[in-house]
Amino acid sequence: MGVTIQAESHRVELAGLYEYEHDHKTLEFYDQPPAIRLAYQAKNGRQVVAWHTPDYFVLRTDGVGWEEWKTEAGLERAAGAMPHPYKRDPLGGRRGPPGETLRAAFGLFYRLRSSAEIDWVFQRNLRFLEDYLGSEVPPLGEHIAEAILALVEQQPGLHLDE
């Protein structure tokens with residue numbers, strides 16, 4: 001987006017930021033949006049109302065809403081202590097029913113995102129390539145680009161330094 005976006009967690013939330021940056025459906029995303037009011041039933045059966053600041057507010061081509069990123073281990077612990085706000089869906093993913101109830105009132109989404117859904121190979125590749133992906137390189141002349149393509153087509157296993 002051309003601005004600095006913060007990540008409280010350098011593992012899970014930062015990985016989410018990298019996903020947003022490289023997802024063609026993600027248009028914009030904002031960290032620490034205003035708090036939202038969630039209501040849910042506590043483990044003892046009492047009604048709980050809490051203010052919650054999701055990690056990100058995301059604008060996508062297929063929807064707009066809040067996303068909360070957690071480690072899978074953290075979600076397991078939270079689900080044991082507070083089973084109603086953190087549920088496992090039938091496909092093995094995670095859900096946040098209190099956020100989903102709130103979002104329905106506004107026509108937005110609320111997604112509970114887990115470290116289990118992060119593609120760590122993609123993350124490692126991005127870190128490896130970040131010097132190349134972020135650098136401003138002037139465009140190649142057409143004859144140079146054609147020469148490079150011809151060379152790689154002749155020897156597809158060619159090393160980058162060659």
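Surface patches are made here of residues with over 30% relative accessible area and no salt bridge, like charges being joined within 9 Å and nonpolar side chains (Val, Leu, Ile, Met, Phe, Trp, Tyr) within 5 Å. The model is predicted, so that local features need pLDDT of at least 70 and side-chain atom pairs count only at pLDDT 80 or more, whereas totals for chains, interfaces and linings use all residues. Residues are numbered from 1 along each chain as its sequence is written, and side-chain values use heavy atoms, with hydrogens and water left out.

Phe 128, Leu 129, Tyr 132, Leu 133 and Leu 160 make a nonpolar surface patch of about 630 Å², accessible areas coming from the Shrake-Rupley method with a 1.4 Å probe and, for residues, only the protein chains shown counting as cover. Of these residues, Leu 133 is found in helix 4, while Leu 160 lies in the segment after helix 5 (142–154); helices (H or I, at least four residues) and strands (E, at least two) are DSSP runs numbered from the N terminus. Leu 160 is exposed, at a relative accessible area of 79%, and Leu 133 also counts as exposed, at 51%, where buried means under 20% relative accessible area, exposed over 50%, and partly exposed in between (1.4 Å probe, protein chains only).

Leu 133 also belongs to the lining of the largest pocket, together with Val 3, Ile 5, Leu 14, Leu 17, Tyr 18, Glu 21, His 22, Phe 29, Leu 126, Arg 127 and Glu 130. A pocket is defined on a 1 Å grid over the protein atoms alone, as an open set of points where a 1.4 Å probe fits, with protein on both sides within 12 Å along at least five of seven lines, and lining residues have an atom within 4 Å of a point. About 200 Å³ of space lies in the largest pocket, the volume being the space filled by probe spheres set on the points, which are joined across faces, edges and corners. Helix 1 (12–21) and helix 4 (120–133) each supply at least two residues of this lining. By class, the lining has 8 nonpolar, 1 polar and 3 charged residues, with Ala, Val, Leu, Ile, Met, Phe, Trp, Tyr, Cys and Pro counted as nonpolar, Asp, Glu, Lys and Arg as charged, and the others, Gly among them, as polar.

Side chains of opposite charge can pair when their charged atoms come close. With a salt bridge taken as a side-chain nitrogen of Lys or Arg within 4 Å of a carboxyl oxygen of Asp or Glu, the count comes to 7. Asp 23 forms one with Arg 60, the closest N and O atoms being 2.6 Å apart. Because Asp 23 lies in the loop between helix 1 and strand 1 (26–31) and Arg 60 in strand 4 (residues 56–60), this pair ties together parts that are 37 residues apart in sequence. Asp 23 is partly exposed, with a relative accessible area of 22%, whereas Arg 60 is buried, at 17%. Arg 60 also meets Asp 62 in a salt bridge (3.0 Å, N to O), and Asp 62 is partly exposed, at 44%.

A further salt bridge joins the side chains of Arg 111 and Glu 67 (3.3 Å, N to O). Arg 111 lies in strand 8 (residues 109–114) and Glu 67 in strand 5 (residues 63–70), so this pair ties together parts that are 44 residues apart in sequence. Glu 67 is buried, with a relative accessible area of 2%, while Arg 111 is partly exposed, at 29%. Both residues belong to a network of salt bridges that links Glu 19, Glu 67, Arg 111, Arg 113 and Glu 117.
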